Amino acid sequence: MRNSRVCGLVFAVVLAGASAFATRADAQQQAQGFAVDRLYMSAPGGGWFVMDDLDLHGGLGGAMSMTTGYAMKPLRVTDGSHHLAVVSDQAITDFGFAVTYDRWRLYLNLDAPLLSKGQSGTVGDYRLTAPSFDLGTHPDTISDPRIGVDARLLGDPRSAFRLGASAQLFVPNGNRGDYDTDGTFRGMLRMLAAGDHRFVTYAAQLGVHIRPLDDAPTPGSPQGSELLFGVAAGVRLPLSRDGGTVVVVGPELYGETALRSFFGTTATGLEGLLTGRLETTTRGTKWRVKLGSGGGLDPHFGAPEWRVVVGIEIFDHNAL
């Protein structure tokens, strides 16, 4: 009789524990993916990786660019005690095509994901599923094509101060589970500044990212629209006597913060790149090769631990 009571008590405890575990599992929510990459690259022919030099002039022209980058741990989620690299490795190639005329630029950017993987797990009340695709086993589609228009409002192509404006529209595409799209239309409005004085060149931006997606309860997820900011500066050094080939070396600092929790601890990402580019300045068709490396100075909200980017541009401001 006594043994029967003990067995019954043990069975009841096990059943209660299983029930509590099941209730806990049912209470957990499946977190949805989003466009985690915060490297919003400049338009084809823009000079810097993120900033824009506003070097728009001449008659009908155009530009083409290809930029490839790798980011390590762009999405790390934590509740204070548990840490999870939901996206530990991400690689993408961006193809850009632009048409320019006088002070205007109209362009299209196509992002092709190459690799994305990470760790699945539970943090707090959320279950997070890591992406897992690559070109060999699970190729993905183009993610969120971007259509943009830029204009130089003040200043000449090489003046000490130039002011411009930019508008971009992101068209939803891809798969939210791969963390390369929000699944919604997004927009960017930015004011741009740039200038050149002797051997010094600089650029800056301030704008807003209109982002309807708001997954604030999930750690590390978007919190609605964002304020964008950034600055770049470098030295321009001629490599030939006629100045036809130059090298530009300098840093770029850029980031974003959720407007609903302005500069909050986990709602702001700040990233820096040390960049160098080799470019021609002669008349006619020009080319530019760019290399950048850096990482998150405040590694939150999509800023990776480190990043490397390489790009090439071909452009002509006076094509017929």
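Both Lys 290 and Glu 313 are buried, where buried means under 20% relative accessible area, exposed over 50% and partly exposed in between, with a 1.4 Å probe and protein chains only. Lys 290 forms a salt bridge with Glu 313, their closest N and O atoms being 3.2 Å apart; a salt bridge is a side-chain nitrogen of Lys or Arg within 4 Å of a carboxyl oxygen of Asp or Glu. Lys 290 lies in strand β15 and Glu 313 in strand β16, so the pair ties together parts 23 residues apart in sequence. Salt bridges that share partners join both residues into one network, which includes Asp 55, Arg 158 and Arg 162.

The model is predicted: local features need pLDDT of at least 70 and side-chain atom pairs pLDDT 80 or more, while totals for chains, interfaces and linings use all residues. Residues are numbered from 1 along each chain as its sequence is written, and side-chain values use heavy atoms, without hydrogens and water.

The protein chain has one helix and 16 strands; these are DSSP runs, helices (H or I) of at least four residues and strands (E) of at least two, numbered from the N terminus.

Arg 158 forms a salt bridge with Asp 55, with the closest N and O atoms 3.6 Å apart. Arg 158 lies in the loop between β8 and β9 and Asp 55 in the loop between β1 and β2, so this pair ties together parts 103 residues apart in sequence. Arg 158 is partly exposed, at 42% relative accessible area, whereas Asp 55 counts as buried at 8%.
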